[in-house]
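Subject: Structure handover

Hello,

Please find the structure below, with notes on what was found in it. Have the viewer open while reading.

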Amino acid sequence: MSPSPHIAVSSCHCPLASLSPRQSRVYGRDRVKFMESLVVGDIAELKPDQGTLTLLTNEKGGIVDDLIVTNTSEDHLYVVSNAGCADKDLAIMKDRVKELQAVGSDVHLEVLDNALLALQGPSMARVLQAGLSNDLGKLSFMNSAIMTVFGVPGCRVTRCGYTGEDGVEISVPAGRVVELAERLLGDPEVWLAGLAARDSLRLEAGLCLYGNDIDETTTPVEASLVWTLGKRRRMAMDFPGAAVIMAQIKEKPKRKRVGLTSVGPPVRPHTAILGPEGRPVGLGVLSPITAMSGEPSTIDPRFFLTERDEGQNRAVASQRRLAELNSRVVVTAHSGELSESFLASFQVVVLTDSPLEEQLRIGDLCHARGICFIVADVKGLAGQLFCDFGEHFVVHDPADTEPVCAVVQYVSQGNPGIVTCVAEDGRGHLFRDGDMVTFSGLEGMTELNGRQPCPVHVLDDFHLEVGDTSSFSPYRCGGQVKQVHLPQEHSYKSLREALAEPKLQVSTPQELPRRRSLHVAFQALHAFREQHGRLPRPRAPEDAQRVLELARRLAEQHRPLDEALVQAFASVSAGDLCPMAAFVGGLAAQEALKAASGKFLPLDQWLYCDALECLAMEGAARLTEEDCAPRGSRYDGQIAVFGADFQERLGRQKYFVVGAGAIGCELLKNFAMMGLAAGAGGDITVTDTDTIARSNLHRQFLFRSTDISKPKAEVAAAAVRLMNPDIKVTAHQNQVGPATELIYGADFFKQLDGVASALDNLETRTYLESRCCRSLRPLVDSGTEGTQGNVLVMVPHLTRLLGPASDPVDPTFPLCTLRHFPWTTEHTLQWARDKFEGLFRLSAENVNRFLADPAFLEHLEAPEALEVLQRVRKSLQERPRDGQDCVRWARRRWQSCYHDTISQLLLTVPPDHETSPGIAFWSGNRRCPHELTFNPDDDSHVAYIMAAARLFAQTHKVLAHGDSAAAQEILHNMVLPPFTPQEGLHINITEEPEEAHAGTRITPWGPFVPPDQGQLAELTRELAQWRQELLETEETQIPIMEPIHFEKDDNLHIDFVTAASNLRAENYGIPRADWLTSKRLVGRIVPAIATTTMAVAGLACLEIYKLVWGCQDLSCYRRSNLFLSSSLLLRAQPLPPSTYKYGQREWNCWDRLEVQAVGADGQELTVQELLERLEAVGEPGGGRQAKAPGAGAALRV
């Protein structure tokens, strides 16, 4: 049994909940008068930034809503009202504002577009403090302050609790709430808490929930909330309903809210709990995720079920293993009836393998209640998916790509205005006609900044038309134009309606007849099952004929009917194949995510897919009912489709899996369920050089948190052995390439039946393709990027090679752009990344190399040797004694990077500098920077200091200074010398080639002047003496510094790069990047999600079925492209190999000429003999002397 969500969250040290209340501000001299005319609390007595829970009441004393009102130090009241009461509250407040303004009162109302996160529990303070520069200990209960929280500025943090625990509610700009939530969830003690769990916790704490315990018929006295009435307000009796409320205080009410403690499990919402008199007295909770099944377990293709689970309820047997995947998701099992009261509280309901009658009943219920409804079903080699998300479903972000962005170079004054812009890589923009865009950061023509999204008309690759700009101020420089993905509203029919009038998702019009026939076939199958109480027997002609007859009756409105397709579908519909389940399950899971998040366009409304081409393989049509009858085996679902002999062949397979990442893990788990290599002689070799990182856990099914830092291949192999103890898997940690041909050479490939690749780099994929071609071995290659995936199959003599693929290209930027003239976020991030390398890796490596062996300098040229020695001396001079020294060092670095360097640049090239008369130097992509002035109370400034100081301490092996308050005190007391310009300094403003300076080397500040040999010798002697002193000191540990290698999964590394980049962006007026965007860009992270990898692995295994069968019919194979964001699948026949012709001969990439390199006498052929044999083969009529692999040496021509 799983714990209830209440237990799961109450045992968690730090639950996180997302709230949706209405937040507003009240301005003006009479704001307190306004608020006290509506609520019972004493607002006038609140101190700055102090808040209170108060009640909005009506004239009958009823509670209209319970609010939190805060008297901020920013000259306004901050009001939080319940989401369910937001509209009526706002209407009341607006009416009162109008009334007061009509009599001359100064009061104004502003509604905020902010989200609210609630972080509660014993560990709240520790978790949150890690992301604050403020001291949370100084924030007392019901007080608030504006803070930057984990890099998100402008958050109002209020110390209050909804669960009885210490906690905070964080008001955060709506656009950054996901970023902040993910940063908080990065702490292992933080769990997501659903509304149901929070409801039970507030019940335990005795706190009210509006709409459940209090409403407009309940007074504060009846609700036991008299304490919310301010003493002064009671005396004055100047709040709505005061007469009724004060009378109840004096005379005692006839009813009163009380709490009851339950014994045993909690009841469900709205279930009557009867007291002795038979009256309902209680309320219960419902878990956020429920797995339901009424069926007993069979192990067949279900990944979580083992032989020990046979006979148990499937949901109950799967629940524990599902919960292990993510400790923050509460999973419960339900084996009872799917009643209306049970389903009413869910946001999404997914039905699998359910009868049509149940689908219709639950579909009607969900459609009526606005619950998103999904049906997913697989029968043999065909799958079905249906979505009904209601009549008014809003897609908040329909696109699966980042918004298009371009740098503005000029905007004309006119009607329409013409925008000249370039993409951030310097190429033409990527906007399309009709795109909605916004502008930001423009200097001059500021009227465009922050306007509502407007459409653009594309003129060419560098020019756009916008609206009328004729009355706007002239454009000067800078700015960005960015695409906006606007929300869309979609309407869906109920299942009952859509069944009769189906909207079918197809990739081409030619697919439509096949999809209509499958639509009818599934309905006919439901009818057959209802009549006979079972599915058609595998390969039983009479059963398939009966399904066809039912389909004919149903198809009158869906003609024409592909009768052969219906019969083929029916003949294997009793089959249960894990690759089909994986594919349809991946699609269904993505649709559920769309329903819950409003991200991407949902399926509209039916999708059918099939792999019935498998039945066209030679010999498949001759399978009989006896061949496919159940054997009492875990593979009976697969035998029902392909027969028992094929199952034995699967068990004997020898496969090589290259890559044990997301796709590799999905392939291996499918192999385990299929029984591939689970028989005599079978074997799978899997290799991957990588180890498991925490970021792998969200998409790689076989890994758990306890496996972090272990080899991926070993953990994956061990996991699939648990799924199927018969499978033979050998794990390696080797790279596949020329360097490992002693391991993966000709003999290794010759004994394989096939290769499955799940690689993330082009070089290894290309090598593997060539190796399989040489060895005449089939290859199935799979890849994903976000919601997109593809599967390619390469079959000897049948298909062409996979062909060229493209790796993500690492961006390279001119050095002068990074150092002096950045104009995009990518530039500032790369600059920050380079700073990380120089400060925390290269400096430490140079010092350690010098102390270990000063002679290494002899291998360097004099200019480079001098630079290295100067850096070594600087590193030794800066060695910190403690964490406080590290903070001081970081402060000096801040001043150098963001003030002094910019000041020097502006002295060298002033803001009004012209390259020629009338041509401004600072124009186009050159953005004129400005110096920053350090502010120890600015969170973005302190964020840089703290991250840099911690990394500096780490590289020098001293204890970091973790107290931000103490660090701020140091920063407040530090006084740095004023900036001193460097005279005569030359700054390179172009990427000049080295040849331009007659053999001199170019530095950031111009041509490098060769050092004086005496200067080099003197510095060498100085450092040698320093080295000797260090080595003679007992406390010195060699190496004395620890180089830090950048790691995208290390939050501190990303903290530094984000802070450093954003300050640089502020220097140049470039939009900042949030923490998650910075991590994605600087870490070169290719998006990967579990739904795509699951679906792609299923498609790949369908092709492996054909390879194992030995299919030599090209028309049976498929290459696939998948687009989950738009619910689109493209499958097509692979192309045959290209042929080449010379004279009368034709050949392709799979052909080769083989000769026996050793004669009958045991002597090796001479070159002359070899040439004679090749000429004989090449002569007309000579033919090819094709030999079996391994029969002597072979030359491929």
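Two strands are taken as paired if DSSP finds at least two bridges between them. By that rule, strand β32 (residues 754-757) pairs with β33, in the parallel sense and over three bridges. Please keep in mind that this is a predicted model.

Strand β33

One of the bridges can be located from S757, whose partner in β33 is D781. Together with helix α22 (residues 762-775), β32 and β33 make up a β-α-β unit, and the unit is right-handed.

β33 also pairs with strand β34 (residues 788-794), here in the antiparallel sense and over seven bridges. V780 has V793 of β34 as its bridge partner. The two strands, β33 and β34, form a hairpin with two residues between them. In the turn, G786 has a positive phi of about 65 degrees.

How many of the seven residues of β33 are buried? Five are, so strand β33 (residues 779-785) is largely enclosed by the rest of the structure. The cut-off for buried is under 20% relative accessible area.

The five-stranded sheet

An open sheet has five strands in the order β3-β4-β5-β2-β6, and their pairing is antiparallel. β3 (50-57) and β6 (108-111) are at the edges with a single partner strand each, so one side of each has no neighbour in the sheet. On average, neighbouring strands of this sheet are turned by 25 degrees against each other, with direction ignored.

For β6, the partner is strand β2 (residues 22-27): the two run antiparallel and are joined by four bridges. Within this pair, V26 has L109 of β6 as its bridge partner.

Helix α3 (residues 86-102) lies across β2, β3, β4 (63-71), β5 (77-81) and β6. Relative to β6, helix α3 runs at about 155 degrees.

N724

N724 sits in the loop between α20 (712-723) and β31 (729-732). Is N724 buried or exposed? Its relative accessibility is 0%, so N724 counts as buried.

What does the side chain of N724 make a polar contact with? The contact is with the side chain of Y635, at 2.8 Å. Leaving aside residues up to four places away in sequence, N724 touches R634, Y635, A672, G675 and A678.

Regards

Methods: Residues numbered from 1 in each chain as written. Predicted model: local features only at pLDDT ≥ 70, side-chain atom pairs only at ≥ 80, totals over all residues. Heavy atoms only, no water. Axes fitted to C-alpha atoms, helices over the stretch in contact; angles between N-to-C directions. Contact = heavy atoms within 4.5 Å. Buried < 20%, exposed > 50% of the residue type's maximum accessible area, 1.4 Å probe, protein only. Right-handed = clockwise from strand over helix to strand, strands pointing away. Polar contact = N/O pair within 3.5 Å; in protein donor to acceptor, adjacent residues only side chain to side chain.
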